[in-house]
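Subject: Structure for you to look at

Hello,

Here is the structure I said I would pass on. My notes follow below it.

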Amino acid sequence: YKEALELYPTDPISHLNLAIAFLQQGKWEEAETKLEYVDELLDVYLSVDDPSNPFFSEQKQTVQSLKSTIPVQKIAFEANKAMEARDYEQAAAKYAELVEVQPENVNALYMLAGAHIKGGNLDEGEKAIDKALALAPNEADFKNLKSQIENIRETRARNAERVKVAGVQQLNKEGNYEEAITRGEAALCLLYTSPSPRDRTRSRM
């Protein structure tokens, strides 16, 4: 684009392409400055050419659209960067900010759910993915993420049961038999009363 600008320094399309490149790189100030300049160039072209020229009119609309979406793009860019850095708390905060601006943005809800889940907050992750499913109930990725949450919960429950059993074994080794019996009975109660994944599926049918 810069080479094209050297040849045609007042070409609004080359400047527009450069502005889009700045947006993709997260260079917000450069993008805004360049879009303002493109806007001015297009005004000049429209004043000396036919004002109803559809090409320049369409480019003008594109510039206005890009300018209006910069705040949202900035939030999304920062959220994605936080996810890449595995800063899930920051990512969740940014995706939540994006959802606040665009409450029906199902992709933002999906990413918000993913950030919460990776950060260990299953309840908030489930809330986000439930909202996404309410807007797009047939989206396979959303359904899969919902299933992942259920699987994680089940795994955590099984691990908790194993920890309790291990604690009982340790109490037996220490000779604390009464406490071992009490905890053992509690662990068995959880083990035999916790519904299996299949039972949970049936209960929802």
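The side chains of Lys94 and Glu78 make a polar contact at 2.9 Å (a pair of N or O atoms within 3.5 Å; within protein, one must be able to donate a hydrogen and the other to accept it, and residues adjacent in sequence count only if both atoms are side-chain atoms). This is a predicted model: local features need pLDDT of at least 70, side-chain atom pairs count only at pLDDT 80 or more, and totals for chains, interfaces and linings use all residues. Residues are numbered from 1 along each chain as its sequence is written, and side-chain values use heavy atoms, with hydrogens and water left out.

Lys94 is found in helix H5 (helices are DSSP runs of H or I, at least four residues, numbered from the N terminus). With a relative accessible area of 16%, Lys94 is buried (under 20%; exposed is over 50%, partly exposed in between, with a 1.4 Å probe and protein chains only). Leaving aside neighbours within four places in sequence, Lys94 is in contact (heavy atoms within 4.5 Å) with Ile75, Glu78 and Ala79.

Helix H5 covers residues 88–101. Its buried residues are Tyr88, Ala91, Ala92, Lys94, Tyr95, Leu98 and Val99. They lie on the same side of H5 because they cover an arc of only 165° around the axis (taken from the directions from the helix axis to the C-beta atoms). On the other side of H5, Glu89 and Glu100 are exposed. Helix H4 (54–84) and helix H6 (106–118) are among what covers the buried residues of H5.

Regards

Notes. Helix = DSSP H or I, 4+ residues; strand = E, 2+ residues; numbered from the N terminus. Expected span 1.5 Å × (residues − 1).
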